[in-house]
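Here's a quick briefing to read with the model open beside you.

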Amino acid sequence: MSAAHIATIARLELTQRLRSVGWYILLGVFALLLVGITALAFMVYSWGDAMGAGVYSIIVNVVLLLVVLVSPTLSGNAINGDREAATLAAIQVTAASTGDIMLGKLLAAIATGGAFLLVALPFLAIGLLGGGANALVLLVSLLILAVEIVIVATIGVGLSGIIARPLFSVAATYLVVAALTIGTLIVFGLGGAALRSEATSYSRPYDTNGEVNCDEWETYTYEVPRFDRVWWVLAANPFVVLADATPTEFNDDGYPVDMFGQIKLGVRAAQQSPVEQRWDECAGNYGDMRTPEEIMEGTVPSWFVGLGIQILIAGGLFAGAWSRTRTPARRLPPGTRIA
Amino acid sequence: MSGIIAEGVTRSFGEVHAVRHASFHARAGRVTGLVGPNGAGKTTLLLMLASLLAPDTGSIRIGDIDPVAEPLAARRLLGWMPDALGAWPSLTARETITTTARLYDMSTPDAAARATELLALVGLQELADAPAKVLSRGQKQKLGLARALVHDPQVLLLDEPASGLDPQARVHLRLLLRDFASQGRTVLISSHILSELEEVVDDAVFLVAGSVVDAAPAQSATRAWRVRLAGATDERFSADAWQVASTLGIPVESVGADRGAVLVGFPGEDAAAAALRLLVEARLAVAEFAPAQSALEHTFLNLRSATASPPAHPSSETEAGA
């Protein structure tokens with residue numbers, strides 16, 4: 001394996017991309033989109049004193065959304081596209097090893113995803129002008145965003161090496177990415193609603209004079225969806241990983257100030273069991289009404305599990321592609337040609 | 001350098017047996033032609049020699065290196081030119097060469113110098129900075145040749161290199177290959193334009209249905225010679241045919257016609273020479289006396305008709321080597 005070979009192959013890929021007009025149009029459309037989103041984000045978070053943090057979190061999430069939407073098209077035919085154009089063999093017959101080729105392609109795919117982040121940088125800077133974002137939030141969220149770009153690129157390059165036809169590998173990449181982003185949401189929603197159980201709500205009875213009776217409980221039972229049993233499905237969702245990993249800042253009332261915190265709160269709240277609710281008017285503070293900050297402290301983080309699952313999927317696909325691309329080829333998938 | 005040695009090389013794709021037990025030796029310092037009909041397994045064989053495809057059984061040596069065990073070492077020795085060049089469409093011809101050179105560990109200045117040198121060698125100087133997608137088929141072939149020569153290989157594998165080339169470029173290619181061989185390197189070239197191959201090759205390997213076949217029986221088969229008397233026309237053909245046949249003492253029905261000339265079959269060159277003497281001594285005005293087909297073409301066409309049954313010649317079956 002050689003760094004010079006990897007760099008040459010990555011540059012070869014990127015040079016071809018940089019010479020297509022479509023690529024610049026895509027980045028231009030993305031920049032326009034960000035102009036609109038930044039403006040809306042400022043309006044959304046104009047209520048708080050941490051406007052910048054809110055705007056920043058929205059832009060990071062939009063960059064992740066764009067990477068998830070566009071990256072499969074750009075990386076999902078990295079290897080089989082070259083095979084169809086008969087340019088893969090031209091590289092394979094040189095002194096570049098299979099590892100050089102795989103890593104060079106991956107590097108180019110990551111750089112392509114990174115270009116979206118680059119375009120978004122000015123907007124992130126504008127968001128910060130609004131104030132309120134702390135350094136740790138910036139660091140962690142950008143790091144996770146970068147890792148997600150790498151994961152999506154790896155899935156795309158991996159599937160392009162395993163599936164013979166570019167059309168199918170691009171579609172398969174979309175399906176895998178959609179399974180993580182939308183599929184997890186669907187399983188969470190349907191699963192929670194399907195696994196219902198009986199919940200009991202406790203409250204104090206009132207007597208005929210309208211006085212609360214603090215010696216007795218009045219109970220009331222009903223069916224609830226059990227999201228606390230399926231919340232872990234969301235762990236593998238890239239947006240949840242991003243939100244859950246980023247440290248949350250709270251305002252004076254204990255509410256998160258940005259979108260990361262709001263998504264995280266939703267996922268963490270789903271961990272709580274809904275089967276017993278108590279409304280104790282005699283306790284003075286309405287029982288166990290907890291603030292978001294308290295909810296987050298009382299529940300478990302899951303982002304590393306989700307990230308681990310994603311890395312496992314991406315790594316497995318990449319390893320499969322690596323062995324398929326090895327030369328001299330022993331087994332060829334049906335319908336593939338070498339040159 | 002011992003050139004290219006293949007012993008008992010077999011490769012199948014599922015049910016299709018592309019190459020069966022092929023053995024041959026392409027010697028260093030010589031140009032060897034790989035001849036066979038479409039689908040004979042020429043490209044599959046070249047892919048195995050180029051270290052891109054592993055044989056199911058059998059062994060290959062490029063120089064002293066086994067390309068299956070040490071593909072990276074073999075690739076530094078061999079230059080491979082596929083039948084259709086996969087060119088990176090938006091890269092210029094010059095960039096195509098420099099990128100390839102960089103992948104053979106050349107420094108950037110060396111790669112640039114090599115690109116200029118090779119583009120001049122194949123005659124693409126004027127198009128050096130044009131993107132590959134505007135090149136014609138012939139120009140792409142030239143670029144493919146330049147790319148195969150980037151790292152100054154000892155062994156050159158060419159799959160149909162002449163297709164799409166204009167006559168001048170073909171002559172140029174021929175000189176280039178002869179020069180290459182004269183430096184003690186090995187050239188293996190596949191083609192089915194046999195008349196052209198004949199002008200450049202020293203040896204030929206015949207591949208039919210995936211097997212290397214012995215050319216000796218086919219070469220000794222009766223071969224047609226074209227005899228044209230001075231001023232021959234189609235109208236005069238029957239008179240000429242009668243004159244030639246009666247001089248040679250053969251029935252007039254046994255001779256054929258070819259654009260006014262007479263076709264006569266001879267079992268070998270000696271018989272042809274004897275016949276020519278007879279014709280000249282009989283004072284016939286012989287203007288042309290030559291084989292109607294090139295030697296390769298003759299062998300090739302006779303092979304095809306002779307290989308209805310699988311060949312079992314010693315040269316194609318080396319059990320001990322497998």
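Two strands count as paired if DSSP finds at least two bridges between them. Strands themselves (E, at least two residues) and helices (H or I, at least four) are DSSP runs, numbered from the N terminus. With that in hand, strand S1 (residues 196-203) of chain A pairs with S2(A) in the antiparallel sense over eight bridges.

A word on the ground rules: this is a predicted model, where local features need pLDDT of at least 70, side-chain atom pairs count only at pLDDT 80 or more, and totals for chains, interfaces and linings use all residues. Residues are numbered from 1 along each chain as its sequence is written, while chains are lettered from A and ligands numbered from 1 in the order in which they are written.

**The sheet in chain A**
- Three strands make an open sheet with mixed pairing, in the order S2-S1-S3 (chain A).
- Strand S2 (218-225) and strand S3 (276-279) of chain A sit at the edges, each pairing on one side only.
- Neighbouring strands of this sheet are turned by 25° against each other on average, direction ignored; axes here are lines fitted to C-alpha atoms (for helices, over the stretch in contact), and angles run from 0 to 180 degrees between N-to-C directions.
- Across from Glu218(A) in S2(A) you'll find Ser203(A).

**Domains of chain A**
- Chain A splits into domain 1 (3-182 + 315-325) and domain 2 (188-297), with bounds from an automatic or database domain assignment.
- The centres of the two domains, taken over C-alpha atoms, are 36 Å apart.
- Their contact takes 21 residues from domain 1 and 15 residues from domain 2 of chain A; two residues are in contact if their C-beta atoms, placed from the backbone, lie within 7 Å.
- On the domain 1 side, helix H3 (51-75), helix H7 (135-162) and helix H8 (166-194) of chain A each supply at least two residues.
- H3(A) gives the largest share of that side, eight residues.

**Chain B overall**
- Chain B has 11 helices and 13 strands.
- Its C-alpha trace spans about 70 × 50 × 35 Å along its principal axes.
- Of its 322 residues, 43% count as buried, meaning 20 or more other C-beta atoms lie within 10 Å of the residue's own, with C-beta atoms placed from the backbone.

**A covered strand in chain B**
- In a regular strand the side chains alternate between the two faces of the sheet.
- Strand S5 (residues 78-81) of chain B is covered on both faces: Leu78(B) and Trp80(B) on one side and Gly79(B) and Met81(B) on the other are all buried.
- S5(B) runs parallel to strand S6 (residues 155-159) of chain B, joined by four bridges, and Trp80(B) has Leu157(B) as its bridge partner there.

**The four-stranded sheet in chain B**
- This open, antiparallel sheet has the order S11-S12-S10-S13 (chain B).
- Its edge strands are strand S11 (256-258) and strand S13 (286-291) of chain B.
- S11(B) and strand S12 (residues 261-266) of chain B run antiparallel, joined by three bridges, and Ala257(B) stands opposite Val262(B).
- Helix H9 (residues 237-248) of chain B packs on the sheet, its direction making about 30° with that of S12(B).
- Helix H10 (residues 269-281) of chain B lies across S10, S12 and S13 of chain B, at about 135° to S12(B).

**Where the chains meet**
- The contact takes 27 residues from chain B and 26 residues from chain A.
- Helix H2 (71-77) and helix H3 (93-103) of chain B each supply at least two residues of the chain B side.

Terms used: Buried ≥ 20, exposed ≤ 12 C-beta atoms within 10 Å, placed from the backbone.
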